[in-house]
Amino acid sequence: MPSGAHQFVQAQQAFEVLFHGETRAAYDRQLLEREVQAHIAPAEVICKHDLQDEGDVATYQCRCGGRYIMDQDDLQLYTELLLPCDTCSLHVCLDTTQEQATI
Ligand SMILES: [Zn+2]
């Protein structure tokens with residue numbers, strides 16, 4: 001194979017890696033974000049029943065004295081929500097499919 005043609009193919013491959021590399025990086029970032037979320041172990045799993053209705057938002061009291069705050073709209077949109085405390089680093093998982101505590 002003439003070396004000139006070979007170099008051209010290599011350059012083209014490099015370009016393709018570079019091009020796809022960008023979308024790949026975006027994909028990796030998304031994956032990482034999802035992974036980070038998955039690795040947050042919620043301190044508690046709560047249901048709608050545990051929430052306090054405060055008009056536009058619903059809240060749940062954290063053990064630290066802080067609050068978990070969510071939009072009422074989000075309750076309709078998601079079946080599961082991971083909520084951060086507004087004061088400490090704890091999270092709770094809200095299962096919106098469960099209407100009432102089973103106990
Ligand atoms: Zn807290």
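In strand 6, His91 is the bridge partner of Pro84. The model is predicted: local features need pLDDT of at least 70, side-chain atom pairs count only at pLDDT 80 or more, and totals for chains, interfaces and linings use all residues. Residues are numbered from 1 along each chain as its sequence is written.

**Strands 5 and 6**
- Strand 5 (residues 80-84) and strand 6 (residues 91-95) run antiparallel and are joined by five bridges.
- Strands are DSSP runs (E, at least two residues) numbered from the N terminus, and two of them pair if DSSP finds at least two bridges between them.
- A hairpin of six residues links strand 5 to strand 6.

- Three strands, in the order 2-3-4, form an open sheet with antiparallel pairing.
- Strand 2 (52-54) and strand 4 (67-71) are at the edges with a single partner strand each, so one side of each has no neighbour in the sheet.
- On average, neighbouring strands of this sheet are turned by 30° against each other, direction ignored (axes are lines fitted to C-alpha atoms).
- Three bridges pair strand 2 with strand 3 (residues 57-61) in the antiparallel sense.
- Asp53 has Ala58 in strand 3 as its bridge partner.

**The nonpolar core**
- The largest nonpolar core has seven residues: Ile46, Cys62, Tyr68, Leu83, Cys85, Val92 and Leu94.
- Such a core is a set of buried Ala, Val, Leu, Ile, Met, Phe, Trp, Tyr and Cys residues joined through C-beta atoms within 7 Å, where buried means that 20 or more other C-beta atoms lie within 10 Å of the residue's own, placed from the backbone.
- Apart from neighbours within four places in sequence, Cys85 is in contact with Cys62, Cys64, Gly66, Tyr68 and Leu90 (C-beta atoms, placed from the backbone, within 7 Å).

Definitions and conventions
Buried ≥ 20, exposed ≤ 12 C-beta atoms within 10 Å, placed from the backbone. Contact = placed C-beta atoms within 7 Å. Helix = DSSP H or I, 4+ residues; strand = E, 2+ residues; numbered from the N terminus. Axes fitted to C-alpha atoms, helices over the stretch in contact; angles between N-to-C directions.
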